[in-house]
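Subject: Structure handover

Hello,

Here is the structure I promised to pass on. Please open it alongside this note; my findings follow below.

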Amino acid sequence: MKKIKVNLDKKVSSSYEICIGNELMDRIGMLIVRNMPALHYIIITDVNVSAMYGGSLLDRLRGMSLSADIIDFPAGEDAKNIGTTIAIVERLLKLGADRKSALLALGGGVVGDMTGFIASTFMRSVPYIQIPTTLMAQVDSSIGGKTAIDLPEGKNLLGTFYQPRGVFIDMKFLNTLPDEDIRNGLAEVIKYGIIDDVAFFNFLEENMRAIKERDREVLEKIVQNSCRIKKGIVEIDEKEMGIRRVLNFGHTIGHAIEAESNYTISHGAAVSLGMVAAARISERLYDLPEGDRERIEHLLESAGLSCRIPQTITTDGIMARLRADKKKEGDRIHFVLLKKMGMPFINGGVPESILRETVEGLKK
Ligand SMILES: NC(=O)c1ccc[n+]([C@@H]2O[C@H](COP(=O)([O-])OP(=O)(O)OC[C@H]3O[C@@H](n4cnc5c(N)ncnc54)[C@H](O)[C@@H]3O)[C@@H](O)[C@H]2O)c1
């Protein structure tokens with residue numbers, strides 16, 4: 001088992017460990033109890049993950065004579081809303097949960113974001129642990145304490161920064177993950193290579209075939225590297241006042257596309273499109289070498305991620321979403337752009353005409 005410590009400013013949050021391994025579920029009970037003692041554990045999960053792994057986690061906890069229950073809700077981004085949140089809170093109250101209880105987020109990014117949000121607000125906060133089961137959650141959403149739910153006006157508009165007490169990553173969960181969800185996670189993995197670690201980007205280029213064939217060692221290496229890169233950035237800037245914004249590379253346009261598609265385009269696919277757009281804007285305005293931009297597009301394509309926006313999504317719709325973006329300050333939307341590979345910077349505004357032309361240029 002590999003351990004990565006997330007060291008946070010003690011005045012703000014407690015530090016915690018990310019554990020990565022192949023048989024973690026076998027000792028998950030001990031890991032949970034050691035890192036988060038509580039009188040009552042409640043697993044929060046979606047119906048898919050509940051059917052595959054919920055029962056065995058519940059049995060393991062009860063088998064250790066711990067008081068444990070499980071709450072599940074419909075799977076998918078559509079469920080990451082206020083209605084589901086209230087329904088889960090009502091179930092928590094019915095189960096007698098109180099401030100001595102703790103939550104376990106068992107699932108992908110939707111489960112993790114929503115459980116973290118509930119943990120940060122239920123009875124003025126209870127502790128929680130992340131047990132991520134998708135590649136997206138293992139490499140990104142379970143780390144760093146960003147929690148959120150979506151509103152009709154856009155994604156992640158209601159949320160908090162609230163760190164988990166631990167992140168336990170069992171690589172075995174990926175065995176049942178559909179290819180599409182592997183691709184989604186790969187978008188964030190590739191992002192780390194682009195913004196932070198050129199050697200890692202090279203590794204991804206060289207090993208894309210092994211990744212797609214789900215080579216265990218290669219997958220474990222990319223999860224470890226991704227966690228290390230993300231935790232390094234979160235440690236410097238837990239509340240996203242500055243450098244953490246570079247993690248949003250591709251996300252500004254990506255979120256607009258995702259919402260405009262009514263979430264029929266997944267988060268990873270939308271971020272991939274957003275990264276292509278950001279690379280093209282960087283080439284045009286900031287001399288990102290053409291070769292770097294081509295390598296980015298090629299790696300995303302070889303991972304099976306589309307670099308083209310479907311015609312059904314209108315440029316006007318995307319532009320309207322961008323104007324309403326929560327990263328906006330005054331008239332300026334903060335875009336993360338690239339000077340070159342591994343050198344991102346935060347730009348306080350791209351002219352609307354260039355944004356529009358870039359989006360148009362990405363249409364199928
Ligand atoms: N908080 C953050 O920092 C952060 C970062 C990135 C993404 N996110 C959020 O994460 C969400 C996307 O996460 P996601 O891609 O994991 O989506 P998801 O949680 O919807 O999971 C995708 C699908 O995979 C299923 N699934 C989960 N684990 C499985 C397994 N082991 N085997 C088979 N099926 C499994 C789920 O039931 C679901 O149908 C978005 O809401 C996004 O905003 C948050």
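The buried residues of helix 9 are His251, Thr252, Ile253, Gly254, His255, Ala256, Ile257, Glu258 and Ala259. That is nine of the 10 residues in this helix, which spans 251–260 and is mostly covered. Asparagine 262 follows helix 9 and has a positive phi, near 60°. Keep in mind that this is a predicted model.

Next, the ligand.

The ligand is surrounded by 27 residues. Asp46, Glu77, Thr133, Thr134 and Lys155 are the closest. By class, the shell divides into nine nonpolar, nine polar and nine charged residues.

- Aspartate 46: an N or O atom of its side chain is 2.8 Å from an oxygen atom of the ligand.
- Aspartate 113: here the distance is 2.9 Å, from a side-chain N or O atom to a nitrogen atom of the ligand.
- Threonine 176: a polar side-chain atom lies 2.8 Å from a nitrogen atom of the ligand.

On its own, the ligand has 870 Å² of accessible area, and the protein covers 90% of it. Which elements give two or more residues to the shell around the ligand? They are helix 2 (47–63), helix 4 (109–121), helix 5 (135–141) and strand 8. Helix 2 gives the most, with four residues.

The cut-offs behind that are under 20% for buried and over 50% for exposed.

Last, helix 10.

Helix 10 covers residues 267–286, and serine 282 lies in it. Serine 282 has a relative accessible area of 0%, so it is buried. What does its side chain contact? A polar atom of the serine 282 side chain lies 2.6 Å from the backbone oxygen of alanine 278.

If you have time for one view, start with the ligand and the side chains of aspartate 46, aspartate 113 and threonine 176.

Best wishes

Note on methods
Residues are numbered from 1 along each chain as its sequence is written. This is a predicted model: local features need pLDDT of at least 70, side-chain atom pairs count only at pLDDT 80 or more; totals for chains, interfaces and linings use all residues. Side-chain values use heavy atoms; hydrogens and water are left out. Buried means under 20% relative accessible area, exposed over 50%, partly exposed in between (1.4 Å probe, protein chains only). A residue is near a molecule or strand if one of its heavy atoms lies within 4 Å of it. A polar contact is a pair of N or O atoms within 3.5 Å; within protein, one must be able to donate a hydrogen and the other to accept it, and residues adjacent in sequence count only if both atoms are side-chain atoms. Accessible areas come from the Shrake-Rupley method with a 1.4 Å probe; for residues, only the protein chains shown count as cover. Ala, Val, Leu, Ile, Met, Phe, Trp, Tyr, Cys and Pro count as nonpolar, Asp, Glu, Lys and Arg as charged, and the others, Gly among them, as polar.
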